[in-house]
Amino acid sequence: MEMEGTIVKKLFVVLAVAALAVSVSVTGAVAKSAKRSASADICVLLPDPKSSVRWETQDRPALVAAFKKAGVSYVINNANGDAQRQRSQADQCLANGAKVVILVSLDPGSSIAIETAAKSQGAKVIEYDRQVKGGSAAIYISFDGRAVGVLQGKGVVAGLKANGMYSKKPVVAELHGGQTDNNSFLFKGGYESVLNPLYKNGTFKKGPQQFTPDWDNQKAGTIFEQMLVRTGNKINAVAAANDGLANAVIVALKARKLKPIPLSGQDATEQGVQNIISGWQTMTVWKDTRKLATASANAAIALSRGQKPKTTGTVDNKGKRLPAFIIPPQSITKANYKTLFTAGYLKRSKVCIGQYAKFCN
């Protein structure tokens, strides 16, 4: 019995030492992770993966490449459409000592709270892609939103001329983005600057118009289905704010066995290009996120060093002028979609596949 007791005691000691070793190892790993997180000077807050696939397929890798090239420490978070989660992610970044926050806004209220918190801790905010009206950011870096809309409006007009409907008083519907995104109003203002004069002089007939909550593609499909019901399927063209919304339109048209109609898009996604080459979408707007990421990385580095970032001008921020770096967008159609391949933005092997292979030449 005494020997058994000794053996049990020795076994207990061995297990205790092993547990301590594991604990030290885990603690070291956590400490190492915390140290790495604390040393991240730049914190990126992406919005979600559903409003557009670009956030994860284009923006994230472009930002990573830009940060690595510049040799700066960073962390990238995605809020998955949850504004409160994004605010918590921002708080964690600031607690870990982030000097610059690159923010893609989910809604004005939470974004202003994030910017206020950053300012109180001496950190700078870059409004990335989406401006926060009434915010306190150091700079806004994006594409020319109104120009995006103008290209979309011109694309719809070109499509109606190409299919012979331009002179037949076509009904044009508008499927806007989310109302919490300031860009939605810029895009809307752009394509309506092209379309409104044509509504006014009777060339086009203004069809149903509606914003899409949170840029949700599924909701966009329901909204467009309702538009078709209200008009008895008599919609001849759609100004859709991005490729996801455009695809929702296409799904609804196919479900009703209707033919393709002039249809705009945005973001030059693989799906958007596939819809273009197969004849279901007229155009998309290419916003080269590599340029956006590079400009943002350079601005973040400058701000972290107490320097002024490079700008192209200013934008209005509720009566004040906000420094901005604005990048021009480009229209992509069936005539020039291969530009996306030669530029290395999209891979031909991911676009020209399956049923779409026959449309690539």
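I began with the lining of the largest cavity and counted three nonpolar, five polar and six charged residues. My classes put Ala, Val, Leu, Ile, Met, Phe, Trp, Tyr, Cys and Pro under nonpolar, Asp, Glu, Lys and Arg under charged, and the others, Gly among them, under polar. The model is predicted, with local features needing pLDDT of at least 70 and side-chain atom pairs 80 or more, while totals for chains, interfaces and linings use all residues. Residues are numbered from 1 along each chain as its sequence is written, and side-chain values use heavy atoms, without hydrogens and water.

**Cavity.** I searched the whole structure and found one cavity of 30 Å³ or more. The volume of the largest cavity is about 110 Å³. Its lining has 14 residues, of which Arg54, Trp55, Arg130, Trp215 and Asp267 are closest to the centre. At least two lining residues come from each of α2 (54-70) and α6. On a 1 Å grid over the protein atoms alone, a cavity holds points where a 1.4 Å probe fits but cannot get out; a pocket is an open set with protein on both sides within 12 Å along at least five of seven lines, and lining residues have an atom within 4 Å of a point. Volume is the space filled by probe spheres on the points, which are joined across faces, edges and corners.

I noted about 320 Å³ for the largest pocket. Of its 17 lining residues, Thr57, Gln58, Glu270, Tyr345 and Leu346 are closest to the centre. Two or more lining residues come from α2 and from α9 (270-277), and α2 gives the most, five. By class I get six nonpolar, five polar and six charged.

The second largest pocket holds about 190 Å³. Asp48, Gly81, Leu106, Thr180 and Asp214 are the closest to its centre among 13 lining residues.

**Sheet.** I read an open sheet of three strands, ordered β7-β6-β8, with parallel pairing. β7 (205-211) and β8 (237-240) are at the edges with a single partner strand each, so one side of each has no neighbour in the sheet. Neighbouring strands are turned by 15° on average, direction ignored. Strand β6 (residues 171-176) is joined to β8 by four bridges, and Val172 is opposite Ala237 in β8. Pairing requires at least two DSSP bridges; helices (H or I, at least four residues) and strands (E, at least two) are DSSP runs, numbered from the N terminus.

I also looked up helix α6 (residues 182-200), which lies across β6, β7 and β8 at about 170° to β6. Contact means heavy atoms within 4.5 Å; axes are fitted to C-alpha atoms, for helices over the stretch in contact, with angles from 0 to 180 degrees between N-to-C directions.
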